[in-house]
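Here are a few notes to read alongside the model. Keep it open on your screen and follow the points in order.

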Amino acid sequence: MWRQFLVIILLVSTQCSLAAKKEAELHIIIKYKQSMLSVAAIKRQLNSEVPLSVKEITPIAGNAYTVLFSLDQQATTHFSGDVLDEVLRRLRSSPFIQYAVEDRVSYFNPFPEINKPAKMKPEMALLSHDLQWDEFLPPGGIMLESIPGLFDGAWVYTNGEAVPPVVVAVLDTGIAPHESLVNNLVHDEKGEIWGWNFSGNNRNVADETVSYHGTHVAGTIAAYGQVIKGVGEHLRILPLKIPDFSGMFYESQVINAIYWAVGGEVPNIPNNPYPASVLNMSFSVDEKPGKEVDHCDEPLQEALFFA
């Protein structure tokens, strides 16, 4: 049976920026045209193509691998130009390799500290649904209702209620179990929050960046109660944590998260029994300061096609 999936990618350049590459390492994503028998066989093949020491080879979703090359000063003397460009050129010229791309790195930047005014205006003192202008009349709003409490827009037709519940995967900084959100997080059979940390490779989905960007996004989607209302108060959030505590992440972590979110297999990670039908990714990777990446490379495009 065909399943329909919706992938939402919001490119927010102010939230993420390109990180400086570590000079001592080179991170590459590689996929072979035919399955290799072992990591040892892959290492032998790579050593025949590139005069760099292979420090680590890790299988990822989509039958691809991340490869970590060591960049010591002596090894880089084998290259006349840019090392990354030359390594990719050599790998792509191999008849065994389907594609080779940089495992791009980026950051969720922490939010700047906000200085609260000594005297706050009454309407700023408390959060309320009345302040959610983006849920009301267009052009600024998406017309869930025209004014607070009228329920004359999209909410006339649905508030996300379905059997089984619609699961929305939020690929972000993690989650905080806020009282207006916790009941709409996916829970396992033991009643524990279900999700995955693709930086630490564990179930700790708490936001260690302290930006709470993931919680903000999840609340926009599925918060409930009398204070702040999400787009669908009956939707379920599957939290997938992408960055580490510093906000740093690699593209390969995003690729693994996309496959896993919709029920795909990811090496060395338990299967996801609660696949999502909607994916939200509110971040981007910049090619350089002020210039967003405007295309998907092969492994990321494969992940999106899979979803």
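1. Start with β8, which runs parallel to strand β10 (residues 236–241) and pairs with it over six bridges. Pairing here takes at least two DSSP bridges between the strands, and strands are DSSP runs (E, at least two residues) numbered from the N terminus.

2. Is β8 buried or exposed? Six of its six residues (167–172) are buried, so the strand is largely enclosed by the rest of the structure. Buried means under 20% relative accessible area, using a 1.4 Å probe and protein chains only. V167, A169 and L171 point one way, while V168, V170 and D172 point the other way.

3. A word on the source: this is a predicted model, so local features need pLDDT of at least 70, side-chain atom pairs count only at pLDDT 80 or more, and totals for chains, interfaces and linings use all residues. Residues are numbered from 1 along each chain, and side-chain values use heavy atoms, with hydrogens and water left out.

4. Now zoom out to the protein chain. It has 307 residues, and 47% of them count as buried. Contacts (heavy atoms within 4.5 Å) reach across the sequence: of those between residues at least 6 apart, 70% join residues at least 24 apart.

Key. Buried < 20%, exposed > 50% of the residue type's maximum accessible area, 1.4 Å probe, protein only. Helix = DSSP H or I, 4+ residues; strand = E, 2+ residues; numbered from the N terminus.
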